[in-house]
Amino acid sequence: MRDIKTFFRYVIPSVLSFALSGIYTIVDGFFVGNSIGDLGLSAVNIAYPIVAVIQALGTGIGMGGAIYYSICKAEKKDAEAKEFTAGALWLLIMFSAVLTVLISLLNGSLLRLLGADGQLLSLGEEYIAVIALGSALQVIGTGLVPFIRNHGGSFYAMVSMIAGFVTNIILDYLFVWVLDQGVAGAAWATIIGQGVTMLIALAYLLRKKQFTLRIPLSKMGTVSASVIKIGIAPFGLAMSPNISLIIINRFSASYGGDAAIATYACIAYVICIIYLILQGVGDGSQPLISQCYGERNWADLKFVRRLAYGFAFVLSAAGCVIMYLTRESLGILFGASGEVNSEIAKIMPVFLLSVPFVAILRITTASFYATEKSALSYILTFIEPLFMLLLMLVLPPLFGGQIMIWWSTVFARILSALLALILKRHVDGQEMSCAGDRDVLIGGGVE
């Protein structure tokens, strides 16, 4: 029986790691915003979805391989577990190379697609040109962290994230403020920080003799397909706030202009930390859930999942209280104008209403992909941006412009959480049936 102590030994380091990954963005926004102002803040904000794709791709591939590693180990299939490690590592290397080339070539086109133009486009291109050069550091660095966690090294994974984070802060200060390198300096600080995380993660896997690239060529296709199949959901979950960011920015550009984009930039910087913390609860509990699933231990699986929901709700409440109490100073932190800071204080309570519903969605989705329920995890991963898009097409023209952009975001998250609960109830019924079948087998003397 898994106990509470084991749960927190896995989850606390994961939560702290994800919180730090969110603060990475805040650090860039803080230094750039206080150096350049609203324009620099908006440039980093509008370019960030490209950075998020790079990091989410690493997370998705790493998580897909790590989940299958845990399931195979629980099923006593050690050879297959090593093959999933090797397959995922090859995927990380190959996707790193592809992303470096594509983002370098499509820099300006991608930013225009995200709504950048004029000086905003120029600053965004400057930022992304550097980010593209460090794609491999970011993809491999984020991709190795789930493996460390699934090898029982949750604390070490946190240490690697802290080291990268501290490096990023020091270099942001040096490059942006001391050397006055603007958004390019912030980008260099980001990729070097991710490089530090990658090196420490590699050192762990090498020391534990868990780093391997050996996999039969005949199995590479099957293993890769399985990793990608599972990895799509954690990739989408990491991307979801950024897909929402793209949608909100595009509609806000039409209804509220640059001031609305800067307003949401400051809100997103901070509230996304809460979302990442909630994902940290889900991904931190994933190794335990996958182990229980591999062992077909439904009682322990249910126990771990219940702890994950409870802890996520506690963290949601704490995050909402902190953000509400500090809402009138968030804009000042990022060097925003007085107008933007005033709007942040007014709008923040609207966004906080959705946080408990995000907790439901994140934990349920993580539980699904940890137990190979790929189709259900896909639905929950991508339904929120879809709801958001549909609501923003309908509500703002009918009921009040920019304010309904904000409310459409909240309504989309509530609807997504309700769908998650419906699907969870369906899955719970299946697990109860499996548990009942197992009891019959045991009672009949088969085991």
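**Exercise 1: Overall fold**

Task: State what share of the contacts with a separation of 6 or more joins residues 24 or more positions apart, and judge the chain's overall dimensions.

Solution. In this predicted model, residues 24 or more positions apart supply 83% of the contacts in the protein chain with a separation of 6 or more. The chain contains 15 helices and zero strands. Next, consider the radius of gyration: a compact globule of 447 residues would have a value near 22 Å, and the protein chain has 22 Å, so the two agree. Along the principal axes, the C-alpha atoms fill a box of roughly 75 × 45 × 35 Å. Finally, 60% of the 447 residues count as buried.

**Exercise 2: Length of a helix**

Solution. After α7 comes Lys-209, with a positive phi near 55°.

**Exercise 3: The nonpolar cores**

Task: Identify which residues touch the most other members of the largest nonpolar core.

Solution. This core has 136 residues, and Tyr-127, Ile-128 and Trp-406 touch the most other members. Helix α9 (residues 257-295) contributes the largest share, 21 residues. Beyond its neighbours within four places in sequence, Ile-128 is in contact with residues including Ala-47, Ile-103 and Leu-111. Another core, of nine residues, lies apart from the largest one and includes Ile-360 and Phe-368.

Note on methods: Residues numbered from 1 in each chain as written. Predicted model: local features only at pLDDT ≥ 70, side-chain atom pairs only at ≥ 80, totals over all residues. Heavy atoms only, no water. Helix = DSSP H or I, 4+ residues; strand = E, 2+ residues; numbered from the N terminus. Core = buried A, V, L, I, M, F, W, Y, C linked by side-chain atoms within 4.5 Å. Buried < 20%, exposed > 50% of the residue type's maximum accessible area, 1.4 Å probe, protein only. Contact = heavy atoms within 4.5 Å. Rg over C-alpha atoms; globule rule 2.2 N^0.38 Å.
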